[in-house]
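Let's take a walk through a protein together. Have a look at the picture first, and then we'll pick it apart piece by piece.

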Amino acid sequence: MKQNIELSLSDILPGKNEVLFSLGIPVGTEIVDSIQALFDEALDLFHQTVQPSCIVNEISYNEFERIFRGEGKNADDVLLKYIYPKANHLALYALTMGKTISDKIDHLFNTNDFALGTMLDSVASNAADKASNVVQDWYFNELSKTHGLNSNSATLGYSPGYCGWDISGQKKLFQYLEPEQIGIILSSSFLMIPLKSITGLLVAGKKEIHLFKDNYSYCSTCKNRSCIDRMKKLRS
Ligand code: SF4
């Protein structure tokens, strides 16, 4: 059953370290007053403009198989094909930071305020990532109550456009989940509008199904290698 998940501001508010780290400033760097002022201003704007919302819908293995096939453009060794068949539960999700904050970022860039635009962009991207973690935790907690999921299990999200799952996979995902209900639309090039939105598959199962070696055909061109941190957290 499709449900709306509440995303509270306090849960998705990113910290200064993570926002600056995304901009290439290592944690522990002493920052100058002008950067601190930009961060403070971006945080104020974030509070004024963010409108987070999220929907989740459970999906069966067979239904997801059809969606995952998408437009037939996934990599032959797409990561998710080795993971979701071993899951106990699957759900599709879509979340957004809302139109107003994306419009504000666009406006800042269009009026040549690149410094503040870049800072707000980083705040919004980090908030969306935190929101994704909130949804993963929410699904884990729901399954703990209803299906006895325990600490040997984990719920992680996997998104089209990453790890061999072609971005065109958004088309069938949108047809099933209908994220338009929370204001997310899909462009003809499969970009989401507003930009600060995330979709994906929540995969719940034993922790080991989420562990793998990052040596797939597409890994050599991966910039963030976010799987390494995720697996480190799972192992600890
Ligand atoms: S290295 Fe990058 S592309 Fe490869 S599995 Fe990890 S996150 Fe995905």
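Which residues in α7 are buried? They are Q170, L173, F174 and L177, where buried means that 20 or more other C-beta atoms, placed from the backbone, lie within 10 Å of the residue's own. Seen down the axis of α7, these buried residues fall within an arc of 100°, so they line one face of the helix; the arc is that of the directions from the helix axis to the C-beta atoms. Here's the general idea: an α-helix has 3.6 residues a turn, so residues three or four places apart point the same way. The cover over the buried residues of α7 includes β2, α4 (61-69), β3, β5 (185-186) and β7 (197-206). Just after α7, E178 takes a positive phi of about 55°.

A quick word on what you're looking at. This is a predicted model, where local features need pLDDT of at least 70 and side-chain atom pairs count only at pLDDT 80 or more, while totals for chains, interfaces and linings use all residues. Residues are numbered from 1 along each chain as its sequence is written.

Now zoom out. The protein chain has 8 helices and 7 strands; these are DSSP runs numbered from the N terminus, with helices (H or I) of at least four residues and strands (E) of at least two. Buried residues make up 35% of the 236 residues in the protein chain. Its C-alpha trace spans about 50 × 40 × 40 Å along the principal axes.

On to the strands, which pair if DSSP finds at least two bridges between them. Strand β2 (residues 53-58) pairs with β1 (residues 3-4) in the antiparallel sense over 2 bridges, and Q3 stands opposite V56 in β2. β2 also pairs with β3 (residues 89-96), again antiparallel, over 6 bridges. Here the bridge partner of S53 is T96 in β3.

Back towards α7, let's stop at S168. This residue lies in the loop between β4 (153-158) and α7 (170-177). Leaving out residues up to four places away in sequence, S168 touches G70, E71, K73 and F190, a contact being two C-beta atoms, placed from the backbone, within 7 Å.

Notes: Buried ≥ 20, exposed ≤ 12 C-beta atoms within 10 Å, placed from the backbone.
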